[in-house]
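Subject: Structure handover

Hello,

Here is the structure I promised to pass on. Please open it first, then read my notes below.

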Amino acid sequence: MYETILVPTDGSETIQRTLPHALKLAADNDATVRALSVVDIRSVQAAGDDDREGVDAELTADAEAAVEEVADAAAAEGLDVETTVRRGTPDKEIVKESNEENIDVIVIGTDGKTPREKLRSLGSVSERVVDKAEVPVFVIKQAADEGAE
């Protein structure tokens with residue numbers, strides 16, 4: 001049913017909850033896991049001129065480490081895995097990746113933002129992906145005892 005499963009990651013602890021679900025789904029369907037991390041260009045552009053190059057390099061290194069974490073976990077389970085780092089706005093790039101790479105399903109976690117935090121950031125990446133994606137999206141919610149303080 002699913003041949004390719006997209007697992008977006010920003011390297012945060014959210015992936016620890018999301019990854020077991022994605023790997024189980026991949027194993028059950030003999031699917032390829034495609035790990036994606038997006039370097040958010042808004043953060044790079046917001047940096048001062050003197051800091052922009054360093055911020056870009058740091059975010060790129062973080063994104064590469066994030067997809068490698070997913071790749072290592074998938075490989076340890078004997079799954080086929082591909083990694084991609086893109087640059088742009090995370091929700092837009094996740095949807096774009098799913099369209100361009102013929103993704104069958106997206107497995108994404110929420111980060112446990114409070115309603116106030118969601119308002120400040122104009123919603124969450126996972127919510128925008130659910131709204132825009134043309135494929136099924138499995139959202140792994142944060143447990144009630146985790147997250148917002």
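This is a predicted model: local features need pLDDT of at least 70, side-chain atom pairs count only at pLDDT 80 or more; totals for chains, interfaces and linings use all residues.

Confidence first. The mean pLDDT of the chain is 88, and 87% of the residues reach at least 70. Strand E1 (residues 4-8) scores highest, at 98. Helix H5 (residues 115-120) scores lowest, with a mean of 47. Residues 117-122 stay under 50, and the model gives them 7 contacts beyond four places in sequence. Please read that stretch with care.

Now the fold as a whole. The chain has 149 residues, and 44% of them count as buried. Among contacts with a separation of 6 or more, 75% join residues 24 or more positions apart. The accessible surface is about 8500 Å², and carbon and sulfur atoms hold 46% of it.

The largest nonpolar core has 19 residues. Ile5, Val7, Val33 and Val70 have the most contacts inside it. E1, helix H1 (14-29), strand E2 (32-40), helix H3 (52-76) and strand E4 (105-109) each give two or more residues to this core. H1 gives the most, with 6 residues. Leaving out residues up to four places away in sequence, Val33 touches Ile5, Val7, Leu23, Ala26, Val70, Ala74, Leu79, Asp80, Val81 and Glu82. Another core lies apart from the 19-residue one. That other core has 11 residues, among them Ile106, Val129, Val135 and Val137.

Then the charged pairs. The structure holds 12 salt bridges. One of them joins the side chains of Arg34 and Glu82, at 2.4 Å from N to O. Arg34 is in strand E2 and Glu82 in strand E3 (residues 81-88), so this pair ties together parts that are 48 residues apart in sequence. Arg34 is buried, at 10% relative accessible area. Glu82 is partly exposed, at 35%.

Arg86 pairs with Glu93, with the closest N and O atoms 2.8 Å apart. Here both partners are buried: Arg86 has a relative accessible area of 13%, and Glu93 has 11%. These two pairs belong to a network of salt bridges that links Arg34, Glu82, Arg86, Glu93, Glu97, Glu100 and Glu101.

Asp40 and Arg42 also meet in a salt bridge, at 2.6 Å from N to O. Asp40 is buried, at 15% relative accessibility. Arg42 is partly exposed, at 42%.

Best wishes

Technical notes: Residues are numbered from 1 along each chain as its sequence is written. Side-chain values use heavy atoms; hydrogens and water are left out. pLDDT is the predictor's confidence in each residue, from 0 to 100. Helices (H or I, at least four residues) and strands (E, at least two) are DSSP runs, numbered from the N terminus. Contact means heavy atoms within 4.5 Å. A nonpolar core is a set of buried Ala, Val, Leu, Ile, Met, Phe, Trp, Tyr and Cys residues joined through side-chain atoms within 4.5 Å. Buried means under 20% relative accessible area, exposed over 50%, partly exposed in between (1.4 Å probe, protein chains only). Accessible areas come from the Shrake-Rupley method with a 1.4 Å probe; for residues, only the protein chains shown count as cover. A salt bridge is a side-chain nitrogen of Lys or Arg within 4 Å of a carboxyl oxygen of Asp or Glu.
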